[in-house]
Amino acid sequence: MIKVKPSNPKGVRDFLPAEQERRQYIIQILQKHFELFGYQSIYTPSFERFETLAGKYGEEGDKLFFKILNSGNFLEKRGQSILPELEQNLNAPQKTAGLVSEKGLRYDHTVPLARFVSQYQNELIFPFKRYAIGPVWRADRPQKGRYQEFFQCDIDIVGTSGVEAEIEIIDLIQNVYKALGIEVEILCNHKDLFYGLCKKYEIDSKQTDVATIIDKWEKIGVDEVRIQLNDLFESHSEQIDLFLNDISNPNLLDQIQPDNEFLKIGIDAINELRKLTPLQSVKITNQLVRGLDYYTGFVFEVVCKQMEYGSIGGGGRYDALTEVFGLKNMNGIGFSFGLDRIYDVMETLDLFPKFENKQHILVLNIDKDALSKNLDIVKKLREHGICAFLFPSLSKIDKQLSYADKMGISKAIIIGSEELKTEKVIIKNLKKRTQELVSFDLAIDKLLETA
C-alpha cells in the first residue's frame, strides 16, 4: 500500500473538540433565536441536480459551484461517444459540464429552498418560515475568511411581500449578534435603486455584469471599479463617471429626482423602511448590490464594528426564484449567518465563554476483577445524568490520572484489589488534590452531592 501524507485539500478544515464546542455554541444561539421567531428546520441534500443549480448565481457563481462527475464507469461507457459533443461545446462551459455532470454540490441554501418549496408547495403552510444550518461548497480561491467548504445558517420567509418581513429579519439579526457579543452594522440597499441608476445612465444593457463589479467595491476600490466598468463597455464613458458619483453619494436618496420607475420604487421602499426601523440599526449603502442574480428587492450585509474583517452575514429579497421551477407569484426573503466568519471574529475578539469539560468523572481501570463494579458505577452515574466513563484498558494508575488531568476531568473513581475486599471506592478530586474512601452503597449518593 502506498503511504499517503495526511493533509486536507485546500479550502477545507478539520475541527478539534475545543473548536467544535465553540462552533456548537454559536449554532445553539442561532437555533434558539430562529425558533424564537417561529422558523422551522428543514433538511435538503448536500447535492442537487445540475440544472437546479446552473444559471441561478450569475456567471461568476456558475463558475464556482462544484460539479460532480457522473458516477460509476460513466467515462468508460460513454467516454468516446460524448467526445464530439464536448468538442462542439468547448466555448460553452456550462453545457460542457452538463455532459459529464448530472449533479452539483449546493452553493447556498437558497436555491435548494426554492426547489423544495416548489416541490412541496401543497404540503407547506404559507407564509413558510424555515431555517437551515449546514455546509455549502464553492470552488473559490482559499484565503483567510474564505473557504471552499463552509457553514451557512439561513432563515427565509417564503410567501410574503410585505415590508414586515424585512423588519423582522433586521430585528432577528440584531438579537443574534447581540447574543453573540458582536457589535455589528447592518448595511442595506434596494436592487431597484441600483437598476434605476443603471437605467438613468444607460448602462442597464449589462446591469448583471455591472452588479458583479460593484459588488467588489470594498475589495478593489472605486478606481479599479471605474476601470472594470470602462472595460466592460469598451470605452471611457462620462455616464459611468456620473453613475459612480451617484453610487458614492451618501445623501443620494435625499437629492436625486427619480426619472424612471425603478428609481421611484427603490427610493419609496427604502424611505418606508427608514420610517419603520430605527436609523441606528441600519445604514443605507448605495454600493451594496450583492451580485447574485436572484436578488430583486432589499439586500442586506452585516459587518463587525469591532474589527476589519468583511461581511459576516448577508441576504435579501428574491421575488422570482421559484418561477424557474414552475411556481409563480411566490415572494421570498432570506438572510444567511456565516458560521465560519462569525467564529473567526469571536475568536479574534475573545468572545467565547470558558467551557467546562463535560467529562466530569473518570472511572479508573486498574484491576480486572473490579470491571463489573466499575461498569455498574458508570451506568448508575449516567442514569443520573452525570457524564462518566471507564478508562478503556487496564493501565498503570499514573497513566490514567495523567490522561484525566490533560482532559480537565474533575473527579476519578478508583477501585483496586484492596477496595474490592473492603467494598469501598476511592473518590479522588483531581482539582483540589484530595480523596476520600466511601462504601459502595454510598458512593453514588456522594458523587451526586458534589456533581
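Predicted model: local features only at pLDDT ≥ 70, side-chain atom pairs only at ≥ 80, totals over all residues.

Analyst: A charge sits over a ring if NZ of Lys or CZ of Arg is within 6 Å of the ring centre and within 35 degrees of the ring normal. The charged end of Arg 13 sits over the ring of Tyr 147, 3.6 Å from its centre.
Residues are numbered from 1 along each chain as its sequence is written, and side-chain values use heavy atoms, leaving out hydrogens and water.

User: How many aromatic pairs does the structure hold?

Analyst: There are 20 aromatic pairs. Rings of Phe, Tyr and Trp (its six-membered ring) pair if their centres lie within 6.5 Å; planes under 30 degrees apart count as stacked, over 60 as edge-to-face and the rest as tilted.

User: Why is the pair of Phe 116 and Phe 128 called stacked?

Analyst: Their ring centres lie 6.4 Å apart and their planes meet at 15°, so the pair is stacked.

User: What makes Phe 128 count as buried?

Analyst: Buried means under 20% relative accessible area, exposed over 50%, partly exposed in between (1.4 Å probe, protein chains only). Phe 128 has 5% relative accessibility, so Phe 128 is buried. Phe 116, at 12%, is buried.

User: Why is the pair of Phe 389 and Tyr 403 edge-to-face?

Analyst: The centres are 6.4 Å apart and the planes stand at 90°, so the pair is edge-to-face. Phe 389 is buried at 17%, whereas Tyr 403 is partly exposed at 30%.
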